[in-house]
Structures are given as C-alpha cells and as structure tokens.
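Open the model in your viewer and keep the selection panel at hand. The stops below are meant to be taken in order.

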Amino acid sequence: MGKQLRQMNLNVFLMNAGHHEAAWRHPGTEPHNITDIRYFQRLAQIAEQAKFDSLFLADGLAVSKNIKHGAFIGLEPFTLLAALASVTERIGLIGTVSTTYNEPFHVARKFASLDHISKGRAGWNIVTSGGEAEARNFSKDDHLEHSKRYERASEFVQVATKLWDSWEDDAIVIDRSSGSYADDTKVHEIDHAGDSFKVSGPLNVSRSPQGYPVLVQAGSSEDGKEFAARYAEAIFTAQQTLAEAQAFYSDVKSRLVRYGRSPEQLKILPGICAVIGQTESEAIEKERELNELTVPAYGLQQLSTMLKVDLYTYPLDGPLPELPGVDQINGNKSRYQLVADLAQRENLTIRQLIHRLAGGRGHRTFAGTAVQVADQLEEWFTSGGSDGFNVMPPYLPGGLEEFAQQVVPELQRRGLFRTEYTGTTLREHFGLSRPANQFASAALSR
C-alpha cells in the first residue's frame, strides 16, 4: 500500500449569476432567478454531487452606488443556507456575517440553529465589513476604524464561543420519570464583560453537532492575518501569483504557534475564477466575450471605490493616477494593495485593470482547458501555496457545471481530491477536530 496523498479542500463560492461582473448579461445565466430558492438548491446539489467540501455565500449590508449595472443584490445567508440544508446531506454551508453590525448573542444563536438544522455542516465567514455605506444603514455616520473593527471582532468571537459552550454536550437528559429535561449544573452563564460587549448567557440553543461552526476569515491585512492565526480554521484569500501565495501561506501558518495552534488547524484557500474551454483558445475566447460584456461605468465605479480615487476623469486607456498610501485606506486594505501591486507589476491601463478584475475582484483568474486548470491548482497545492481552493465560477450555472464535470474528475484522477465523502460534518471534511467545551474542561480541571 502506498502512502495516501495529501488531498485538497474545495469550496465553491456562489455569487448570484456568477463572479464575472458582466455574468448577468451572458445568455447562459439566470439573473431573474437570483432570489429563487430552487436556483440555489440546484447549484448546491451540483456542488454536492462533485463532493465539494462546502459552499459559501458572501454578504454585504448596503447596495452598490452603481446598482444600475450590477446584479449583486442577494438573499440573506442564514435564511438561504437553512433552505439549502433541507435538500443536501453532506456539503458544508458557510455564510458571511459581520461582527461590526451584529451582536454576539444573535449570531451565536443563528449559527447554533443552522448547525443543528444541517446536522453539523455550518461555517461562519467572519468579516468586519468594509464600507461607509454599511455604517449609514446602522445609525452611524462613519465606519469604525480598521484596527478597532478587529478589536471588536476578537471580542465578538470570544463571546460567541462562550455562548456555544454554555451548554455542555450532555446537558440535556430528558428524564421523564424524574421530570428533568436538562441538568442545570451543565448549563452555564458566561458573565462576559468587555470593552464592546456585556453578555450574561447562557445561549437558548443547546450545543450543536460541531460544537462551533467552522470559523472562516477572509481578511489579509496585518490585522486580518493575526486574527486568522488566532481564531480562523479556514481562510478565503486572494493572490495573483504562486510566489505571493507561498509567502502568504508561510506567513500565516508561522503565526499559529504563538496561539498554541498547529499548521493543520488552519486551511488556506485562495480564490480561483476559471474560464474553461475544450481548447485553450476556446477558453480565452470565452473570457474575451465575457469581458466585452462589461460596462465601463460599472468597472470604474468599483475600481474608484476600491482605490479611493475618482477615476472618471482619467482616460480608460491610460495608466492609473498616483494612489493614496495603504495607511490611508479604512476599508479592505489587503485587496487595495493587491490591486495596486497588480496594476504596477503588469503596467496595466485602467481598462485592462477593469478587465483583469472583472472575473474575481482581485482573485486569480485563469482561462484554459480542464487539464490546464488542474495543472495550475496542483502546482499551487503541492508547492506550498494552498491547502485547497475557493472556486469562483465566472458564470452560473454553466461555470460550476464545467468545473464539477471536467476539473474535479481530473483532480480525482490525480489522487488530489476525494471521490466520496468520508465524513458527515464540515469539520470532518476539513480534517478539523471538534472543539472542547471550555466550561466542561474547567470543571474537569477542578
């Protein structure tokens, strides 16, 4: 018997009509169905049939200023994921929830509920939110400063984990003869009092199958990387080159030791937006056709917002103007730096940069055959650049079907991806242990 090859993790990031900003204009997409639960159920089942570890729903708390040209409204994640849980059995269900515009008790209760509903498949993509428009929807004039958002997020996660642990695993006894539904010595008030939150507890949902949902994070700034090293069990990240991916992978994994964690406790999943063709030239032509559907005004709005510079007064076929320093950015610092570096490294015009970002908003895009896509993924995975990938279909449902039916079998043929599920929970798919209950552990140590 040969040694079992290390296998990659695959998450599919479902984005309405697809990740390309012009996907909704493509004749093969269904923008009229982005609020139809049957559409998302079909996508979830395609991904589950291909044995993906998980699916992921992003979320924002404000509408884009340029709503005229972009199909990026969407259903609220908890509601949608609960509906997807009812038509799937194994695939993990990850939703984005902001720590800046929510309270820990609400979030802990909803994720515990989703984990029970799905029988242990819930995951939380922890974000701090990135835009001023979101602040104005929550009675605030300004977005909380970057480092302060991460301080709040850290305390938020601490409170949530205490609430998930407030019921020990065996607290519910259901002893009809004695009249005892629960052992109240195993249900704990958390009595948290911190800088941002004061929460008594306990949670009004019992401990869920996974203990905690899998904790996912997507920020790659210094604050984001440190937060991930302390709390995250998976990271959705964006890098353009293998060298950048290797540097990020090494950096974040090396930070785990100061929190008493091992590298295996955190999965790093760079985004990949793959346009797949039967031949390389066909794939490149498909990408060109998608890019031709972009609306320059929309791309300019997105890029201006990301870079904090009004680009409307500059020629589309000219270079970027001088940009502010990253220290002046109070939104997504890591994505700002990635885009600025990409434009400078490849000497891109504004129009070229819009096209490069159209498919993945800074995540890596690649056009080629299924074998070429698999080659790229294998190189990153085996060369210290990732533990797997966050798959971002450029258009739906076709882009997901092509990846599931062409790329996944090629990865399976190489022994790099599972052919069947071996576990039932998202933690088992990711090879993560179930967290010990901090209150039960404390009682045992006394």
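Between which two helices does the loop with K308 lie? Select K308: the loop runs between helix 9 (296-307) and helix 10 (333-345), where helices (H or I, at least four residues) and strands (E, at least two) are DSSP runs numbered from the N terminus. This is a predicted model, in which local features need pLDDT of at least 70, side-chain atom pairs count only at pLDDT 80 or more, and totals for chains, interfaces and linings use all residues. Residues are numbered from 1 along each chain as its sequence is written, and side-chain values use heavy atoms, with hydrogens and water left out.

K308 is not a glycine, yet its phi is positive, near 60°. Its relative accessible area is 46%, partly exposed (buried is under 20%, exposed over 50%, partly exposed in between; 1.4 Å probe, protein chains only).

Next, select S139, in the loop between helix 4 (132-136) and helix 5. S139 also has a positive phi, about 60°, without being a glycine. S139 is exposed, at 79% relative accessible area.

Move on to E155 in helix 5 (residues 146-165). E155 is buried and has no salt bridge (a side-chain nitrogen of Lys or Arg within 4 Å of a carboxyl oxygen of Asp or Glu). The nearest side chain of opposite charge, K162, is 7.7 Å away (Lys and Arg count as positive, Asp and Glu as negative; His and the chain ends are not counted). Leaving aside residues up to four places away in sequence, E155 touches H192, G194, D195, S196 and F197 (heavy atoms within 4.5 Å).

Finish with G201 and P202, joined by a cis peptide bond with omega about 0°.
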